[in-house]
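Please examine the sequence and the structure shown below. The explanation then turns to the salt bridges and to one helix.

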Amino acid sequence: MAPLSRVLLATIAVALLASACGGPDMYSLDSLTMVCEGEAHDVAPEVGATDVNKVQYLFDDGEGWDWDAYVGDSSSDWTGYITQEVALVVCLDVTASSVAAECEYEDGYTVTKYDSDYDVALRAASTGAVVAETAVSAEIDPDCGIFILASDGDAKHEDRYASPAAQLQDFLRPHVEGEA
């Protein structure tokens, strides 16, 4: 068996064991939500342990923290897709929003698009400590388009918030690339 296959199998085995023991699945991206609450994540690397501090984005629109790839427009070299490589968590908290468009599609599916203001806390995943903070605003394209790719199974409504990706990339660069 190739070394990479062994590592993947070992990772899966540990995740299954953690789940079977009733504890949180510390290898799930969902487990990173604890970092936005200021808690340390057990399997996260320390900031500065590698050349690039990988990030993951979490978003709260008032319904609780959820990891969300919609802000992942920033450099894909920066984004961590497994918890063991995520050193920094970007916590985006919607502080204000205004409706930019109401879109209706076939089968009664609707999308509300929002221009949004965010408080952003960059946290070290291994400690939960705030590394840096800022506030950003973003406007969403109000065009509804001809069709939509629904993201929530059987749901008939979806809220979409403006992505502050360009502003975040400038804010994150020194922390991700180790220049801060």
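A salt bridge is a side-chain nitrogen of Lys or Arg within 4 Å of a carboxyl oxygen of Asp or Glu. By this rule, the count comes to two salt bridges. The model is predicted, so local features need pLDDT of at least 70 and side-chain atom pairs count only at pLDDT 80 or more, while totals for chains, interfaces and linings use all residues. Residues are numbered from 1 along each chain as its sequence is written, and side-chain values use heavy atoms, with hydrogens and water left out.

Accessibility is classed by relative accessible area: buried is under 20%, exposed is over 50%, and partly exposed lies in between (1.4 Å probe, protein chains only). Glutamate 158 is buried at 10%, whereas arginine 160 is partly exposed at 27%.

The other pairs arginine 173 with aspartate 170, at 3.6 Å from N to O. These two residues are three apart in helix 3, and are therefore separated by about one helical turn. Arginine 173 is partly exposed at 30%, and aspartate 170 is exposed at 55%.

Helices (H or I, at least four residues) and strands (E, at least two) are DSSP runs, numbered from the N terminus. The buried residues of helix 3 are Ala165, Leu168, Phe171, Leu172, His175 and Val176. Seen down the helix axis, they fall within an arc of 130 degrees, taken from the directions from the axis to the C-beta atoms, so they line one face of helix 3. The face turned away from this buried side carries the exposed residues Ala166 and Asp170.
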